[in-house]
Amino acid sequence: MFYLRGCGRWVAASFTKQQFPLVRLSSDSAAPRTPHFDVIVIGGGHAGTEAATAAARCGSRTLLLTHRVDTIGQMSCNPSFGGIGKGHLMREVDALDGLCSRICDQSGVHYKVLNRRKGPAVWGLRAQIDRKLYKQNMQKEILNTPLLTVQEGAVEDLILTEPEPEHTGKCRVSGVVLVDGSTVYAESVILTTGTFLRGMIVIGLEMHPAGRLGDQPSIGLAQTLEKLGFVVGRLKTGTPPRIAKDSINFSILNKQTPDNPSVPFSFTNETVWIKPEDQLPCYLTHTNPKVDEIVLKNLHLNSHVKETTRGPRYCPSIESKVLRFPNRLHQVWLEPEGMDSDLIYPQGLSMTLPAELQEKMITCIRGLEKAKVIQPGYGVQYDYLDPRQITPSLETHLVQRLFFAGQINGTTGYEEAAAQGVIAGINASLRVSRKPPFVVSRTEGYIGVLIDDLTTLGTSEPYRMFTSRVEFRLSLRPDNADIRLTLRGYKDAGCVSQQRYERACWMKSSLEEGISVLKSIEFSSSKWKNLIPEVSISTSRSLPVRALDVLKYEEVDMDSLAKAVPEPLKKYTKCRELAERLKIEATYESVLFHQLQEIKGVQQDEALQLPKDIDYLTIRDVSLSHEVREKLHFSRPQTIGAASRIPGVTPAAIINLLRFVKTTQQRQAAMNESLKTDQCLRDADRLQERQL
């Protein structure tokens with residue numbers, strides 16, 4: 001039995017000293033001031049790199065702690081970025097001046113936009129990435145970022161101090177303890193531990209501790225978090241075997257070529273580093289009944305599948321797919337790992353069977369009959385923390401100034417990690433300067449949907465972003481992420497460069513001007529038909545037709561409009577991106593008006609803030625069931641809108657909460673008015689005394 005000092009009282013925890021080492025504590029007066037940083041980021045993965053650079057861009061002296069500097073920017077699983085839903089996240093990270101989009105534009109080997117058959121609101125930018133090149137470019141960026149220090153080291157513990165009385169939480173983090181016993185102090189700490197919290201690698205029936213192949217897991221830190229009272233869960237993921245490129249018969253497989261022209265991820269780039277004709281192809285093959293047979297006959301040799309730990313629903317192992325969807329053929333994409341790499345990544349064949357069975361299964365697949373496995377696939381099981389224990393700024397409820405980002409919150413994927421990282425970095429820096437948090441709502445971006453889903457709903461399986469999770473898809477498109485977030489990032493967070501801000505302002509004003517001009521040009525339908533013969537417009541329309549309405553036709557773009565009406569439209573074709581975005585704005589003009597009305601309604605609910613210090617378990621001014629009280633107490637929603645999205649919180653409870661909020665606001669307003677009146681009377685009395 002030990003006692004943990006926190007929030008001005010002794011908190012009992014029933015663990016033995018031998019099992020869990022004590023959390024290290026300090027007082028502000030006793031804490032040494034060197035080394036001391038504004039923000040410490042633990043972990044150099046995709047969340048950690050974005051968090052560290054975001055904090056540094058905001059002006060905070062930042063330390064990035066990682067096991068090994070040479071693994072910064074390492075793509076531990078698939079050699080690709082983006083996709084449906086994920087490409088939106090990358091655009092939004094880039095709009096906040098994040099790194100991954102720019103690095104992908106410098107490191108890709110195959111660029112393609114997915115979902116082209118549907119509207120541009122759900123297009124998914126995606127690229128195959130050269131692993132070696134991405135890591136080199138990311139490390140170059142990280143090691144040359146002003147205000148950012150990188151240090152090798154493993155964190156064993158957290159340094160905790162008394163809490164700030166004006167904020168909720170049992171204690172406050174003020175630094176970290178490294179494995180060698182040394183301490184580093186900071187005003188905010190961000191954990192981006194990935195799969196390292198008590199990580200365990202699984203191949204067949206063999207299991208050994210590791211956060212990633214070749215790297216040791218983090219045990220002490222996991223114990224510290226559990227001891228502090230965080231609810232800990234267990235998740236699993238996996239990766240496919242790697243295959244020798246020269247052992248594959250590509251000639252009999254379906255070839256997938258890149259887009260021409262390639263669409264860059266970053267708003268700051270007009271094109272990518274490599275021409276389409278120099279990019280590498282991907283190839284498609286499929287599983288067959290022999291694969292199913294090998295899986296089903298050898299389930300007893302696969303502990304990863306038998307475990308109750310939840311794996312990814314949307315990127316499952318081949319074993320899970322065979323069990324869930326029997327007698328089906330499953331796609332296998334053969335993806336290059338780099339320009340000079342001899343390895344192929346078989347996307348869709350994540351597996352944890354014993355190595356010899358993996359090779360047997362691989363050679364059953366068309367085109368892979370003579371394939372040579374260079375590295376077997378493996379599974380990873382790891383701890384995550386229930387994300388309902390964090391706020392929308394990604395700061396924890398339990399420990400002040402402690403932020404979580406990435407797989408520690410139950411997500412999967414590089415893009416989801418990067419999105420959380422940039423938000424955590426911004427808010428950790430804003431916390432240091434005592435500024436309001438930077439929160440992206442569901443109405444503002446996919447990042448907002450991701451974080452709101454996590455903080456209100458939680459997750460029991462690795463969370464992946466999809467366009468289907470987003471209510472306002474037509475407004476939250478990949479093309480307008482800069483208009484939505486760059487301006488806010490510059491003004492509210494200070495994380496965006498002057499150059500990027502000015503570019504976003506120019507684009508915003510150019511779009512507004514272009515739309516206004518297109519609305520002002522009106523001709524009869526017959527004249528439009530003469531000017532643009534290919535347009536399928538009905539000549540029987542009696543009212544004049546705007547140029548903006550003509551642009552909505554699939555066969556019309558800004559170039560054809562500018563040829564028909566050179567003045568004043570020609571200038572809007574000089575910038576390809578501007579011309580394409582005007583086309584998209586025209587496409588969605590009518591439906592966007594109605595969606596904006598819906599967004600305003602949601603924003604009204606989000607504007608109704610719930611008191612941060614409200615004790616849902618004991619408050620008597622509002623009628624709530626015991627179940628609802630427990631759910632609100634655990635998730636601690638910050639707004640009425642967030643409370644309404646928590647499963648089990650009934651509409652009746654929301655109405656009662658709404659009444660409580662309005663009554664509280666009225667009482668506070670009356671109190672403020674009373675204080676103001678009292679102050680005026682006191683001022684009048686003092687003035688009268690001076691006159692006498």
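This is a predicted model: local features need pLDDT of at least 70, side-chain atom pairs count only at pLDDT 80 or more; totals for chains, interfaces and linings use all residues.
A residue counts as buried here when its relative accessible area is under 20%.

**Aromatic pairs**

The model holds 6 aromatic pairs. One of them joins Phe250 and Tyr283 in a tilted arrangement. Phe250 sits in the loop between strands E16 (242-244) and E17 (254-256), while Tyr283 belongs to strand E18 (residues 282-286), so this pair ties together parts that are 33 residues apart in sequence. Both Phe250 and Tyr283 are buried.

Tyr490 and Tyr501 make a stacked pair, because their planes lie at 10 degrees and the cut-off for stacking is under 30 degrees. Here helix H12 contributes Tyr490 and helix H13 contributes Tyr501, so the link spans parts 11 residues apart in sequence. Tyr490 is partly exposed, at a relative accessible area of 26%, whereas Tyr501 is buried, at 15%.

| Pair | Centre to centre | Angle between planes |
|---|---|---|
| Phe250 and Tyr283 | 4.6 Å | 40 degrees |
| Tyr490 and Tyr501 | 3.8 Å | 10 degrees |

Ring pairs also link Phe81, Tyr134 and Tyr414 into a cluster.

**Charges over rings**

Arg116 lies over the face of Trp123, 4.6 Å from the ring centre. Lys527 does likewise over Phe523, at 4.0 Å from the ring centre.

**Helix H18**

Helix H18 covers residues 576-587 and reaches 17 Å from its first C-alpha to its last, close to the expected 16 Å. Its buried residues include Leu578, Leu582, Lys583 and Glu585.

Technical notes
Residues are numbered from 1 along each chain as its sequence is written. Side-chain values use heavy atoms; hydrogens and water are left out. Helices (H or I, at least four residues) and strands (E, at least two) are DSSP runs, numbered from the N terminus. The expected span of a helix is 1.5 Å times one less than its number of residues. Buried means under 20% relative accessible area, exposed over 50%, partly exposed in between (1.4 Å probe, protein chains only). Rings of Phe, Tyr and Trp (its six-membered ring) pair if their centres lie within 6.5 Å; planes under 30 degrees apart count as stacked, over 60 as edge-to-face and the rest as tilted. A charge sits over a ring if NZ of Lys or CZ of Arg is within 6 Å of the ring centre and within 35 degrees of the ring normal.
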